[in-house]
Structure formats: C-alpha cells, structure tokens
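This report describes strand pairing and aromatic contacts in the structure shown below. Please read it alongside the sequence and the coordinates.

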Amino acid sequence: MELTAGWNLISLPVSPDDNQLSSLFPEATVAYKFDETYQPVQQLYPGIGYWVKVPEDKTYKISGQPFRQYSLELSEGWHLMGALNTGAAPTPADAISAKFEFEESYIEADQLTPGKGCWVKILKPCVFSVTSP
C-alpha cells in the first residue's frame with residue numbers, strides 16, 4: 001500500500017497476519033475508525049475504513065489471506081467502509097445514495113477500491129454487502 005505524508009483514507013485489502021497498527025504501518029502516529037464519532041484504534045480489520053496518519057510517503061507490504069466478501073447491518077447515515085482485495089460495488093444499491101473516496105480531496109466512487117476507505121451514505125437500515133465479482 002502506498003501512503004502519502006499526512007492523512008490517508010485506507011482499508012485493508014487482506015485479512016492480515018498481524019492486525020496491529022504498529023506492525024502494519026510502523027511509522028503511523030495514529031489511526032481512527034468512524035462509528036458515529038471518530039475512535040482511535042490500535043488494531044485494523046478488513047471491511048472497515050480508517051484514517052491513518054504517517055509522517056512521510058512510504059510503500060507498505062501487507063500480507064495475509066484474501067478478503068473476498070463481507071456483510072454488515074448498517075443504520076441510516078454515513079459510514080466509513082472498507083474494500084475487498086478486488087474492486088467491487090456494494091449492495092443493496094437502493095439503500096446507498098453516495099460513495100466517496102479521498103485522494104487529496106473527496107471524489108465520488110463507483111465501487112470500493114482495494115486499499116482505500118470509502119464514505120458511504122446509507123438511506124435506510126440495510127444489510128450492506130460487498131462480494132468479489
């Protein structure tokens with residue numbers, strides 16, 4: 001994974017062998033997930049989007065098992081979600097009104113991109129699912 005100096009909106013493209021922030025991104029100063037508020041984390045899991053802050057540009061090698069699908073019950077509102085190890089569009093489409101990734105600024109996303117976190121706006125409670133094509 002290529003991270004740039006400062007804040008990066010990421011997700012893990014694999015189920016890592018070691019999910020500790022200090023093992024995945026040793027230079028990271030902090031990582032946050034979002035669950036109604038920002039919460040600092042020391043362990044990262046696939047399927048979740050995270051803001052990770054690093055002091056300089058660097059490429060990280062993350063090893064683990066392929067991450068090919070997940071489903072979560074989500075409430076109405078904004079959620080910070082993660083991608084799979086391949087690009088995939090989440091479902092149900094009728095419950096999702098927007099998807100945004102961050103690459104120096106927010107950009108609308110058609111699908112969830114491996115390694116990137118994504119803000120997803122949910123219109124109604126649903127089972128949010130992402131499955132490899």
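This is a predicted model: local features need pLDDT of at least 70, side-chain atom pairs count only at pLDDT 80 or more; totals for chains, interfaces and linings use all residues.

Residues are numbered from 1 along each chain as its sequence is written, and side-chain values use heavy atoms, with hydrogens and water left out.

Strands, like helices, are DSSP runs numbered from the N terminus (E, at least two residues, for strands; H or I, at least four, for helices), and two strands pair if DSSP finds at least two bridges between them. Strands of a sheet pair through backbone hydrogen bonds, either parallel or antiparallel.

Within this sheet, strand β2 (residues 6-10) and strand β6 (residues 50-54) pair in the antiparallel sense over five bridges, and W7 has K53 as its bridge partner in β6. Strand β4 (residues 30-34) also pairs with β6 in the antiparallel sense, over three bridges, and here the partner of A31 in β6 is V52. β2 is mostly covered, since four of its five residues are buried, where buried means under 20% relative accessible area, exposed over 50%, and partly exposed in between (1.4 Å probe, protein chains only).

Another open sheet of four strands has the order β10-β13-β11-β12, again with antiparallel pairing. Its edge strands are β10 (77-81) and β12 (106-108), each of which pairs on one side only, and neighbouring strands of this sheet are turned by 30° against each other on average, direction ignored. β10 and strand β13 (residues 118-122) pair in the antiparallel sense over five bridges, with I122 in β13 as the bridge partner of G77. In β10, four of the five residues are buried, and the strand is mostly covered.

Aromatic rings are treated as follows: rings of Phe, Tyr and Trp (its six-membered ring) pair if their centres lie within 6.5 Å, and planes under 30 degrees apart count as stacked, over 60 as edge-to-face and the rest as tilted. By this rule the count comes to eleven aromatic pairs. One of them joins Y32 and Y38 in an edge-to-face arrangement, with 6.3 Å from centre to centre and 75° between the planes. The rings of W78 and F100 have their centres 6.3 Å apart and their planes at 40°, so this pair is tilted. The latter pair links distant parts of the chain, W78 lying in strand β10 and F100 in strand β11 (residues 96-102), 22 residues apart.

| Residue | Relative accessible area | Class |
|---|---|---|
| Y32 | 27% | partly exposed |
| Y38 | 44% | partly exposed |
| W78 | 38% | partly exposed |
| F100 | 26% | partly exposed |

Finally, W7, Y32, F34, Y38 and W119 form one aromatic cluster.

How values were computed
Axes are lines fitted to C-alpha atoms, for helices over the stretch in contact, and angles run from 0 to 180 degrees between N-to-C directions.
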